[in-house]
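Trainee: Please show me how to read a structure that is new to me. I would like to go through it feature by feature.

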Amino acid sequence: MGNINHMKKIFLLFILSGSFVLIQAQEAGLEQKAEEAYKSGQYAQAEELYKQLLDEKGESAEVYYNLGNTYYKMNNIGPAILNYERCLMLDPSDKDAQFNLEMARAKNVDTVNVTETFLLKRWLDDTKNLFSERGWGIAAICFFFLFLASLFLFFFGRRIILKKIGFYVGLSTLFLSIVSNSFAYSQREKQELRDQAIIMAATVTIKSSPDKSGTDLFVLHEGTKVKVRSALSNWSEIELPDGTVGWIENNKLERI
């Protein structure tokens, strides 16, 4: 009886392993087909394949980047900007996505003046965007282990110089571990909040209230990035980088 149960476990493990390998092979096959379609100029097919990958694999910075490139080639600027932004939300250190996003933004009709921010805040934001949530998480763990090693050196080092090194390195690595954890949390919070959106309609009139009869305030065009402040029924209150606010129908934008 014991041998039969053991054989069943082995058989089940074999089935699960085979299923995992099959799924991985299917995903690799989809990626290859999408890449081949893109390279051959079959952008509509590449678009569908990349979307299928997102549906099956979940969010991926690489797939968002490739989908953004596909839309850019199709001259669909709004979707291109949306997918580059989604790529950078997951991996803010992606230089290629940053460059391509600026190329796509250059084709945007709207020019919005951005409110100046403090130098320290800009520096912190730039530093935070050096790594993704996962990258900062790994950095936090590494710094914490260095902190533990420094504690060991401080308590068990036989020479004064070693104790001093352990003390100061320990303080530094503890601080860096806390900062890295803070940046990782901030990146995660940005992914969960999703309060940034891209205008997807070619032209849309922003209203003073969440109603079509509201006063016309200004006009925005496809590809403009806005912040979603609140939502009411089928409307969203948005804010531009210069602080201007207004209301827009939900089907005219898509959250990053």
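This is a predicted model: local features need pLDDT of at least 70, side-chain atom pairs count only at pLDDT 80 or more; totals for chains, interfaces and linings use all residues.

Trainee: What pLDDT does the chain average?

Mentor: pLDDT is the predictor's confidence in each residue, from 0 to 100. The chain has an average of 89, and 86% of the residues reach at least 70.

Trainee: Where does pLDDT stay under 50?

Mentor: That stretch is residues 16-25, and the model gives these residues zero contacts beyond four places in sequence. Contact here means heavy atoms within 4.5 Å.

Trainee: How many helices and strands does the chain have?

Mentor: Helices (H or I, at least four residues) and strands (E, at least two) are DSSP runs, numbered from the N terminus. The chain has eight helices and seven strands. Among contacts with a separation of 6 or more, 54% join residues 24 or more positions apart.

Trainee: What share of the residues is buried?

Mentor: Buried means under 20% relative accessible area, exposed over 50%, and partly exposed in between, with a 1.4 Å probe and protein chains only. Of the 256 residues, 33% count as buried.

Trainee: Which values describe two packed helices?

Mentor: The angle between their axes and the distance between the axes describe two packed helices. Axes are lines fitted to C-alpha atoms, for helices over the stretch in contact, and the angles run from 0 to 180 degrees between N-to-C directions. Helix α4 (residues 77-90) and helix α5 (residues 95-105) have axes that come within 9 Å and cross at roughly 155°. The pair is therefore roughly antiparallel; the cut-offs are under 35 degrees for roughly parallel, over 145 for roughly antiparallel, 65 to 115 for roughly perpendicular, and oblique for the rest. On the α4 side the contact is made by I77, I81, Y84, E85, C87 and L88, and on the α5 side by A97, Q98, N100, L101, A104 and R105.

Trainee: At what angle do α3 and α5 pack?

Mentor: Helix α3 (residues 61-73) packs with α5 at about 25°, and the axes are 11 Å apart. These two helices are therefore roughly parallel. Y65, N69 and Y72 of α3 meet D96, A97, N100, M103 and A104 of α5.

Trainee: Which hand does the crossing of α3 and α5 have?

Mentor: A crossing is left-handed if the near helix is turned anticlockwise from the far one by less than a right angle, and right-handed if clockwise. The crossing of α3 and α5 is left-handed, and the crossing of α4 and α5 is left-handed.

Trainee: How many disulfides does a search of the structure find?

Mentor: A disulfide is a covalent bond between the sulfur atoms of two cysteines. The search takes a pair of cysteine sulfur atoms within 2.5 Å and finds zero disulfides in the whole structure.

Trainee: Is C87 buried or exposed?

Mentor: C87 counts as buried because its relative accessible area is 0%. C142 is partly exposed, at 45%.

Trainee: Which residues is T70 in contact with?

Mentor: T70 sits in helix α3 and is buried, with a relative accessible area of 0%. Beyond its neighbours within four places in sequence, T70 contacts Y38, Y43, A46, E47 and Y50. A80 is ten residues from T70 along the chain, with 7.5 Å between their C-alpha atoms.

Trainee: Where is S233 placed?

Mentor: S233 is in the loop between β4 (225-232) and β5 (235-239). Its phi is near 55°, a positive value in a residue other than glycine. S233 counts as exposed because its relative accessibility is 63%. N75, in the loop between α3 and α4, has a positive phi near 65°.

How values were computed
Residues are numbered from 1 along each chain as its sequence is written. Side-chain values use heavy atoms; hydrogens and water are left out.
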